[in-house]
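Good morning. I have one structure to show today, and I will keep it short.

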Amino acid sequence: MTQEYPHGHHQSVLRGHGWRTVSNSAAYLVGSLKPDMVILDVGCGPGSITVDLASMVPQGKVIGLDTTSDPFEAGLKLAAERGVNNVSFDVGDAKRLPFPDKTFDMVHAHQVLQYLDKDDRVQAIREMRRVAKSGGLVCMREGDQGTVTFYPEVNGLKVFVELYCKVARASGGEPDAGRRLHTWVKEAGFLAADITVTAGTWCYNSPEERAWWSSVWVDRIQHSGWRETTITGGHATQTDLDRLAEAWRAWGSSEDGWYAIVHGEVLCQVR
């Protein structure tokens with residue numbers, strides 16, 4: 001990736017990413033899985049989806065790839081706890097994948113392209129297609145910040161979403177990636193007839209969900225790389241961020257609190 005991941009790999013970030021599973025973040029591809037598949041998970045982070053995928057292809061194997069090994073400890077620990085031994089992790093660049101052509105039955109990426117600029121994301125998609133076998137699949141899912149809805153209208157949460165998008169775009173990314181994903185894969189060379197487009201959601205409403213999601217963002221606002229990126233980029237002050245953290249606490253403590261976001265999804269057939 002040309003840009004560094006703006007959120008970094010602080011524990012608060014890994015805690016949020018570690019919640020992700022195939023069920024809640026990649027259900028759109030489950031019907032395409034086969035027990036002996038060889039899968040590459042690009043931008044795997046702490047590996048919760050990676051390990052989940054490996055458990056679903058017991059005769060196959062899954063490789064998780066990220067730009068740094070910092071989050072791999074969590075993935076290896078999870079694999080050991082679940083008795084999953086057909087998974088491994090490696091460091092690599094999405095734009096120059098360190099694998100031969102036609103290596104994988106499936107290449108998966110979750111919330112990766114939104115952090116890349118236009119040229120890099122097209123190159124990353126082309127690389128994912130290059131390392132996928134003929135007849136294989138390239139599967140991607142991207143969030144869309146423009147679809148975020150929340151209740152009640154806590155003062156500060158709308159400001160937070162606007163600031164999040166501003167910081168993302170200043171870093172070269174596109175926070176409204178979900179609605180654009182199907183166009184990006186066409187730019188990278190996939191034909192419309194070979195692309196299946198769907199949408200998924202995350203929704204947080206129960207007391208446990210609200211407590212967890214709000215605490216994740218309070219911690220990320222106060223401690224993660226996103227905080228440093230936001231302040232050093234001149235997008236907000238520490239006082240501004242403290243107010244946004246309080247807004248998240250207020251939302252999390254509201255018994256009627258509700259939050260949702262839509263994600264764009266694509267399954268791309270490789271010819």
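Predicted model: local features only at pLDDT ≥ 70, side-chain atom pairs only at ≥ 80, totals over all residues.

The protein has 10 helices and seven strands. Along the principal axes, its C-alpha atoms fill a box of roughly 50 × 40 × 30 Å. For 271 residues, a compact globule would have a radius of gyration near 18 Å, and the protein has 18 Å, so the two agree.

How much of the protein is buried? Buried residues make up 55% of the 271. As for contacts, take those with a separation of 6 or more: 81% of them join residues 24 or more positions apart.

Now the surface. The protein exposes about 11,700 Å², and carbon and sulfur atoms supply 50% of that. There are 28 positive and 34 negative charges, and their mean positions are 5 Å apart.

Next, the inside. The largest nonpolar core has 32 residues, and those that touch the most other members are Leu40, Val107, Leu113, Ile125, Met128, Val138 and Met140. Several elements each supply at least two residues of this core, including β1 (38–42), β4 (104–110), β5 (132–151) and α7 (181–187). Which element gives the most to this core? That is α5, with five residues.

To finish, please find Ile125 in the viewer. Leaving out residues up to four places away in sequence, Ile125 touches Leu113, Met140, Trp184, Val185, Ala188 and Phe190. That is all I have.

Terms used. Residues numbered from 1 in each chain as written. Heavy atoms only, no water. Helix = DSSP H or I, 4+ residues; strand = E, 2+ residues; numbered from the N terminus. Rg over C-alpha atoms; globule rule 2.2 N^0.38 Å. Buried < 20%, exposed > 50% of the residue type's maximum accessible area, 1.4 Å probe, protein only. Contact = heavy atoms within 4.5 Å. Areas by Shrake-Rupley, 256 points an atom, 1.4 Å probe, with all protein chains shown as cover. Lys, Arg positive; Asp, Glu negative; His and termini not counted. Charge placed at Lys NZ, Arg CZ, Asp CG, Glu CD. Core = buried A, V, L, I, M, F, W, Y, C linked by side-chain atoms within 4.5 Å.
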